[in-house]
Amino acid sequence: MTECRRQNWRATVSRYLKGRDLALQAVLAQLCFTLVLGAAGLAANNQIAISLLCGGIISAAANGWLVLMAFRPPLGTPAQKIVASFYVGAMGKFIITALLFLLAFKQFAFLTSALYAAVMILAYVIVQSIVWIYPLVRR
């Protein structure tokens, strides 16, 4: 292997690891923000806090799955397998999101109220937006 190729390989590995770390940090930021939302929701009442926590945890758990699946293949894996892992991650994220919303509505009867359901969905959207905002703020 020539020196130029070796340097390119090292740069690729470095970018891969930085991307994985950034994605995991974004999920961790989602979890931290979810806890802050839940604590702030306690100022209103327990149902608001639980609604906020449910929405945030659903978003963070689904994104955690996507990150784990997307960065699962090692470097040097053929492109088709890398794309397939992203598809598996995205499909899993969709399924996890749907199942966790279903579980939340089944477990917490107060979520049938429009107010609490809206709070949970709003928390999901806000926590989901952290994935897009975190890399911009981090720089």
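Biologist: Is Tyr-124 buried or exposed, going by its relative accessible area?

Modeller: The model is a predicted one, and Tyr-124 sits in helix 4. Its relative accessible area comes to 16%.

Biologist: Which residues is Tyr-124 in contact with, leaving aside its neighbours within four places in sequence?

Modeller: A contact here requires heavy atoms within 4.5 Å. Neighbours within four places along the chain are set aside for Tyr-124. The residues that remain in contact with Tyr-124 are Gly-55, Gly-56, Ile-58, Ser-59, Thr-97 and Phe-101.

Biologist: How many Å apart in space are Tyr-124 and Thr-97, C-alpha to C-alpha?

Modeller: Thr-97 is one of the residues in contact with Tyr-124. In sequence, the two are 27 residues apart. From C-alpha to C-alpha, the separation of Tyr-124 and Thr-97 is 9.8 Å.

Biologist: How is Ile-121 classed by its relative accessible area?

Modeller: Ile-121 also belongs to helix 4. Its relative accessible area is 42%. Buried needs a value under 20%, and exposed needs one over 50%. With 42% lying in between, Ile-121 is therefore partly exposed.

Biologist: What distance separates the C-alpha atoms of Ile-121 and Ile-58?

Modeller: Along the chain, Ile-121 and Ile-58 are 63 residues apart.

Biologist: Ile-126 and Gly-55 are another pair; how far apart are they in space, C-alpha to C-alpha?

Modeller: Ile-126 has its place in helix 4 and is partly exposed, at 33% relative accessible area. It is 71 residues away from Gly-55 in sequence. The C-alpha to C-alpha distance between Ile-126 and Gly-55 is 8.9 Å.

Biologist: What share of the contacts with a separation of 6 or more comes from residues 24 or more positions apart?

Modeller: The protein has four helices and zero strands, in the order α-α-α-α from the N terminus. Among contacts with a separation of 6 or more, those between residues 24 or more positions apart account for 71%.

Biologist: Which residues does Ala-104 touch, not counting residues up to four places away in sequence?

Modeller: Once residues up to four places away are left out, Ala-104 touches Cys-54, Ile-58, Leu-111 and Met-120.

Biologist: What kind of aromatic pair do Phe-110 and Tyr-116 form?

Modeller: A pair of aromatic rings is described by the distance of the centres and the angle of the planes. For Phe-110 and Tyr-116 these are 5.5 Å and 85 degrees. An angle over 60 degrees sets the class, so the pair of Phe-110 and Tyr-116 is edge-to-face.

Biologist: Phe-108 and Phe-110 also form an aromatic pair; of what kind?

Modeller: The ring centres of Phe-108 and Phe-110 are 5.7 Å apart, with 45 degrees between the planes. Stacked needs under 30 degrees and edge-to-face needs over 60.

Biologist: Which residues do ring pairs link into a cluster?

Modeller: Phe-110 and Tyr-116 are both buried, whereas Phe-108 is partly exposed at 28% relative accessible area. The cluster linked by ring pairs consists of Phe-108, Phe-110 and Tyr-116.

Biologist: Which helix gives the most residues to the lining of the largest pocket?

Modeller: The largest pocket holds about 240 Å³ of space. Of its 16 lining residues, the closest to the centre are Ala-23, Leu-66, Val-67, Phe-71 and Val-131. Two or more lining residues come from each of helix 1, helix 2, helix 3 and helix 4. The most, five residues, are given by helix 1.

Key: Residues numbered from 1 in each chain as written. Predicted model: local features only at pLDDT ≥ 70, side-chain atom pairs only at ≥ 80, totals over all residues. Heavy atoms only, no water. 1 Å grid on protein atoms, 1.4 Å probe; cavity = no way out; pocket = protein on both sides within 12 Å on 5 of 7 lines; lining within 4 Å. Points joined across faces, edges and corners; volume = space filled by probe spheres on them. Buried < 20%, exposed > 50% of the residue type's maximum accessible area, 1.4 Å probe, protein only. Phe/Tyr/Trp six-rings, centres within 6.5 Å; stacked < 30°, edge-to-face > 60°.
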